[in-house]
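Look at the fold below before reading on. The paragraphs that follow go through a hairpin, a sheet and a loop residue.

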Amino acid sequence: MPGNKRQWLQIIRTGFVCLVILFVPTVIAWAQTNTPVPWLRITGSNISSPPAIEIHVVGMDENGRSLDLSQTPLDILHNGQSVGPGNYAGTYTAGTFTVFLIDIPTGVAEQFPAIQDTILQFASPGNMQEETDAIAIYQVGETAAIELLSPTFFYNSVRNLFATPLTPATGATALIDSTMGLLEQLEELKPNPEMSTALVIISDGTDVVSTRFQHDDVAPRAATLGIPIHTIWLTNNNLLPATQTLGRDYLQELAAGSRGLSASLDNPAEITAIWERILSFREQARILYTPEFLAGGSAQVTVMLAQNPLITAETTIEIPENLPSVVIDLPLESRVLSLPDLEKPIRLRFRAHASWLDEEERALVAAQLMVNGEVVQDIPVESLDSFTAEIDNLTYGNNIVQIAALDNQGIRVTSPPVVLTVNEGTREIPPELAAGGGLGQILATIGIAVLVLGVVAGLGYAAWQTGVLGNLEQFLPRGRSTKRAASRTPAPETAVSDTPATTTNTLISPHTPPIAHLEVLESVSRMPAQIPLTGTLVKIGRSPAQADIAFENDITVSRLHATLMLEGTNYRIYDERSTSGTWVNDQQVPEYGIQLVDGDEIHLGAVHLRYRQP
């Protein structure tokens, strides 16, 4: 009997294990499809500092909060090869794109003013930032969302829309179909592809006419796309209390399932929390990594959470074959120095080298040393392998040192950043950074001075022996003789040039006859019909302090929007991380620029130009 009992217990245990094996994966699968998980996206990249590559990454945790990627380790694969953890290099302002979808049946007509005020509150200083964040407004329709306001960066566009009061929808509205259709359009609607996107639904939460999609389809799709849906519930007086409750519950579930927040229109604190959540994604992380071998062509990049490798994001980066690379040669152990004070400039020595990905022999035509984002001095390109610099903007703590360079193809690059740590204390400079000045340097200087004095003395003695010095007396002044002064022949006046002997920026050449010109087709600013292009480097933007060609009144143009670089006899245009991007013939300018040809049409925000070259 005891044996039979043990046998039955074994059968029960075996059955229980089988149930667990069959049931647990089902539960896990259900949970994975119904519970949001952390999410990552690579929004852009920057290959201007090879061999280092910079990627822009944004992430959300399972509750929809912005991931702090300065504290969240990321592992990176480059063409399938691990390059180790990425290095956090600060943030990049990409901006946000917020789309409002409002559901306005007759039963919520009394709340129309509050709806308008809520959206206007978001589109105002302190929340949305003009020229950085964008907004669009849609209305729930019978089968699809109806556009009320196309994407815009400006508060006045929203104010102008609501200058005409909202009118209620007279027919049935399909909330689910409208939401799903809009979700699939948001990527194309974004003014800047790197923006973080959010959808805000203002509705009573009910829908009885959608036919293409079900209620349960929306949240999983939004979570997969990384688009949180924030919901603001309206009280519909035409609905029974029980139906109102069902609508509110659905909106709360929709928000939670897509990593969003839910609120009621009459709860300002909850609405403020939504605005704060949306705008917390304005800044994105800049992550640097250096592959073991960087080659031109298409590179597949994968980033993943180090603590959860299942959470990944991928992108493809195009790397030009002829891309130059400049690297500062400074060992890690030589990047720390001590100084008693920072009142005087410090002279340091640097070594660097340049190469090209395709291993072709080319040359640099200009180089500059940059410390903490400021140009410190020009570097003679022939001295790149060893040069000294007087640096007057070091700070205690970490300092970023880079070299900006231009090659003979007209391609600009900067070296990967070197972090130079300065501590306060007794003067200690690593030998690799020391620019000289020790005893050996002093003795060498004295020796040279003695040699020069010896040469001068020898020449003087020879002149005395030949009688040359005997005639010197007639050239010496003899008191204040006005007669002698009057009899002198006036020396010809020397013309004084307004142009300095050396320019502070070797990447900008002196003015030459126009190579090409820009025709101004559309602009709010008063500009000449034609703008001549003469320099090697021409900057275009809104700020006269930063741009050579300034469209001061065109607020759609960034302060420094684009740069024209002369390559041979043609200009290449580069975007300078502008808010709205730079476009040539309806094609967005990539990181490596676009070579311009006669007749090309250029758009910088609302400014429309045509490139002309004889």
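**From a hairpin to a buried proline**

Strand β19 (residues 364–371) pairs with strand β20 (residues 374–378) in the antiparallel sense, over 4 bridges. Strands here are DSSP runs of E with at least two residues, helices are runs of H or I with at least four residues, and both are numbered from the N terminus. Two strands pair if DSSP finds at least two bridges between them. Across this pair, leucine 369 stands opposite glutamine 377 in β20. The hairpin of β19 and β20 has 2 residues between the strands, and asparagine 372 takes a positive phi near 55° there.

This is a predicted model, in which local features need pLDDT of at least 70 and side-chain atom pairs count only at pLDDT 80 or more, while totals for chains, interfaces and linings use all residues. Residues are numbered from 1 along each chain as its sequence is written, and side-chain values use heavy atoms, with hydrogens and water left out.

Next comes an open sheet of 6 strands, in the order β26-β25-β35-β34-β31-β32, with antiparallel pairing. β26 (530–533) and β32 (587–588) stand at its edges with a single partner strand each, so one side of each has no neighbour in the sheet. Within the sheet, β31 (residues 582–584) and β34 (residues 601–604) pair over 3 bridges. Threonine 582 has leucine 604 in β34 as its bridge partner.

Proline 228 lies in the loop between α5 (215–225) and β10 (229–233). Is proline 228 buried or exposed? Proline 228 counts as buried because its relative accessibility is 6%; buried means under 20% relative accessible area, exposed over 50%, and partly exposed in between, with a 1.4 Å probe and protein chains only.
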